[in-house]
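Here are my notes for your review. Please read them alongside the model.

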Amino acid sequence: MKWQEYQEAVALFYEQLDSFGKVHRNVTIPDKVTGQRRQIDVLVEIEAYGHTIQIVVDAKFHAEKIDVKTVEEVIALANAVNASQAVIVAANGWTEPAAKKAEFANLTLRLLPLEDALDLLVPDKWAMCPNCHQDCIVLDMDGAVVIDGLINWWIAGKCRECKFGFIWCQECGDNLALPFNEEVTCYCGHLWCSKEEGLFVKFSRNEDLEE
Ligand SMILES: [Zn+2]
Ligand SMILES: [Zn+2]
């Protein structure tokens with residue numbers, strides 16, 4: 001998953017929350033002191049009692065835990081654009097000092113793990129990739145072909161990140177993991193391979209097909 005996608009998943013997360021206001025993506029608001037435009041990942045606006053409450057939401061797709069410095073930066077950003085509240089949505093949690101700093105400054109820390117972000121972003125997500133653990137496998141490469149009057153069909157897909165493939169051959173019922181660019185044979189002798197261009201199948205009856 002790319003950080004831009006994580007940002008989009010955070011926006012979707014807020015849009016799905018009931019009774020939440022308008023969600024704006026990637027907006028810029030002038031700094032109240034310098035007038036320079038500041039970039040906001042997600043801005044949530046809530047109309048209440050004739051006022052507009054603005055919440056700055058910062059998406060942090062970091063491999064490490066959020067630290068105090070990051071919390072301070074987002075507090076400063078929210079302050080600079082006169083937002084009522086600040087939120088950090090993090091994929092991998094935060095340190096204890098960061099939690100203390102956030103609590104003191106009334107900043108909300110929210111966890112949105114990679115897998116949950118993928119659930120929001122990728123509707124046809126099947127499972128997390130067992131190879132890279134950085135993204136998910138999407139089963140969108142189903143196919144069928146008629147050979148000698150018999151229908152051969154399969155359910156297949158690959159990881160969005162590392163292209164690690166998965167194939168479920170309906171003829172023999174075999175489930176196969178397909179390491180990228182490696183040929184794997186199922187029980188019925190078909191040869192499967194996940195390549196850059198897609199899924200490659202060589203049938204045991206010597207007919208090639210590229211999916
Ligand atoms: Zn992968
Ligand atoms: Zn098979």
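**Notes on the predicted model**

1. Start at a strand pair. Ile46 has Ile53 in S3 as its bridge partner. Strands (E, at least two residues) and helices (H or I, at least four) are DSSP runs, numbered from the N terminus. The pairing of S2 with S3 is antiparallel and runs over seven bridges. Two strands count as paired if DSSP finds at least two bridges between them. Their hairpin has two residues between the strands, and Tyr49 there takes a positive phi near 50°.

2. Basis of the values. This is a predicted model: local features need pLDDT of at least 70, side-chain atom pairs count only at pLDDT 80 or more, and totals for chains, interfaces and linings use all residues. Residues are numbered from 1 along each chain as its sequence is written, chains are lettered from A and ligands numbered from 1 in the order in which they are written, and side-chain values use heavy atoms, with hydrogens and water left out.

3. The sheet. Five strands form an open sheet in the order S1-S2-S3-S4-S5, with mixed pairing. At the edges are S1 (22–30) and S5 (107–111), each pairing on one side only. Neighbouring strands are turned against each other by 35° on average, direction ignored. Helix H2 (residues 68–80) packs on this sheet and touches S1, S2 (37–48), S3 (51–60), S4 and S5. The direction of H2 makes about 145° with that of S4. Axes here are lines fitted to C-alpha atoms, for helices over the stretch in contact, and angles run from 0 to 180 degrees between N-to-C directions.

4. The S1–S2 hairpin. S1 and S2 pair in the antiparallel sense over eight bridges. Ile29 has Arg38 in S2 as its bridge partner. Six residues lie between the two strands, and Gly35 in the turn has a positive phi of about 80°.

5. The parallel pair. S4 (residues 85–90) and S5 pair in the parallel sense over five bridges. Ala90 stands opposite Leu111 in S5.

6. Gln7. This residue lies in helix H1 (residues 3–16). Is Gln7 buried or exposed? Gln7 counts as buried because its relative accessibility is 12%. The cut-offs are under 20% relative accessible area for buried, over 50% for exposed and partly exposed in between (1.4 Å probe, protein chains only). Beyond its neighbours within four places in sequence, Gln7 is in contact (heavy atoms within 4.5 Å) with Asn26, Gln39, Asp41, Val42 and Ala59.

7. Gly157 sits in strand S9 (residues 150–159) and is buried, at 1% relative accessible area. Leaving aside neighbours within four places in sequence, the contacts of Gly157 include Ile137, Met141 and Phe166. The C-alpha atoms of Gly157 and Arg38 are separated by 40 Å, with the two residues 119 apart along the chain. Pro97 lies in helix H3 (residues 96–104) and counts as partly exposed at 47% relative accessibility.

8. The largest pocket. Its volume is about 170 Å³. On a 1 Å grid over the protein atoms alone, a pocket is an open set of points where a 1.4 Å probe fits, with protein on both sides within 12 Å along at least five of seven lines; lining residues have an atom within 4 Å of a point. Grid points are joined across faces, edges and corners, and the volume is the space filled by probe spheres set on the points. Among the lining residues are Met1, Phe61, His62, Leu114 and His133.
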